[in-house]
Amino acid sequence: MSEVRGEQLVRQLRDLGVREGGVLVVHTSFKAVRPVEGGPLGLIQALRAALGDAGTLVMPTMTDGEGVFDPKRTPTEGMGITAELFWRQPGVLRSTHPGGSFAAVGPRARDICRPQPLSPPHGPESPVGWAHDLGGQVLLLGVTQGENTTLHLAEALAPVPYSVTHPCVVEVDGVARTVDIAETDHCCQGFQRADGWLRARGLLREGKVGRADAKLAEARDIVNVVVEHLRADPLVFLCPADAGCEECDRARASVDNPAR
């Protein structure tokens, strides 16, 4: 199988609708995109080229939260090789949330990576919240809506009634301690519903980038459509109570017992 060249990736990204000079939040699986000329760094270069010098590229760089977070040293957890290499590149900034950090490069990178509250990790005052406010786009590259953190932003804005906590190590006055961070967490399989909601309104652009299936939408469109559905049915993203999903059961239980 021949490698996809960088200029072809740029053309595919622009044909999909990636906006030159815009803010782009990317969730990607390089395994789905490859083989690409230059490997994961070649993909990063193509994303930056599609955005141009005036554009800002953003990727999640989340960690396991089990140790003190150092944005210049702590590796990502489950984010994939592209995101792991991205935050390590010269000129890339990384936010300081101890579990839910993002990295960004470009003119709006400092706005995206500014300090944020611990909870919720993906709320209005978070990298995805600020990308939304800046009129950004969300690109799913070889991954599903289950990885789309902007859907957690919609949950925070709706707001949904469920919230669960996860332990995370933070440093306070030079001392490491574990705190519980509240977030709208569940198995995220229900996030797949967003595809149909967006398609029905012509708000989801779909195509190929490299070998991967790619989906692109405006962050504001995602939030507006999803918030509408969440206000009609606040538990629409949770698996049914009889499905045996422990994560969704925990979220559902938090509605009746907010202390959980």
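Predicted model: local features only at pLDDT ≥ 70, side-chain atom pairs only at ≥ 80, totals over all residues.
**Entry 1: pairing of β1.** Strand β1 is joined to strand β2, residues 56-60, by three bridges, and the two strands run parallel.

I then turned to strand β5, residues 137-141. Five bridges connect β5 with β1, and this pair also runs parallel. Here I recorded that Val25 stands opposite Val138 in β5.

**Entry 2: burial of β1.** Are the residues of β1 buried or exposed? The strand spans residues 23-28 and is mostly covered, with six of its six residues buried. I checked the two faces separately. On one side I found Val23, Val25 and His27, and on the other Leu24, Val26 and Thr28; each of these residues is buried, and both faces are covered.

**Entry 3: packing of α8 on α9.** I next examined helix α8, residues 193-200, and helix α9, residues 219-232. Their axes lie 10 Å apart, and the helices pack at an angle of about 110°. Because of this angle, α8 is roughly perpendicular to α9.

Which residues of α8 meet α9? I listed Ala194, Trp197 and Leu198 on the α8 side. The residues they meet in α9 are Asp221, Ile222, Val225, Val226 and His229. By class, I recorded six nonpolar residues, one polar and one charged in this contact.

Definitions and conventions:
Residues numbered from 1 in each chain as written. Heavy atoms only, no water. Axes fitted to C-alpha atoms, helices over the stretch in contact; angles between N-to-C directions. Helix = DSSP H or I, 4+ residues; strand = E, 2+ residues; numbered from the N terminus. Parallel < 35°, antiparallel > 145°, perpendicular 65-115°, else oblique. Contact = heavy atoms within 4.5 Å. Nonpolar A, V, L, I, M, F, W, Y, C, P; charged D, E, K, R; others polar. Buried < 20%, exposed > 50% of the residue type's maximum accessible area, 1.4 Å probe, protein only. Pairing = 2+ DSSP bridges.
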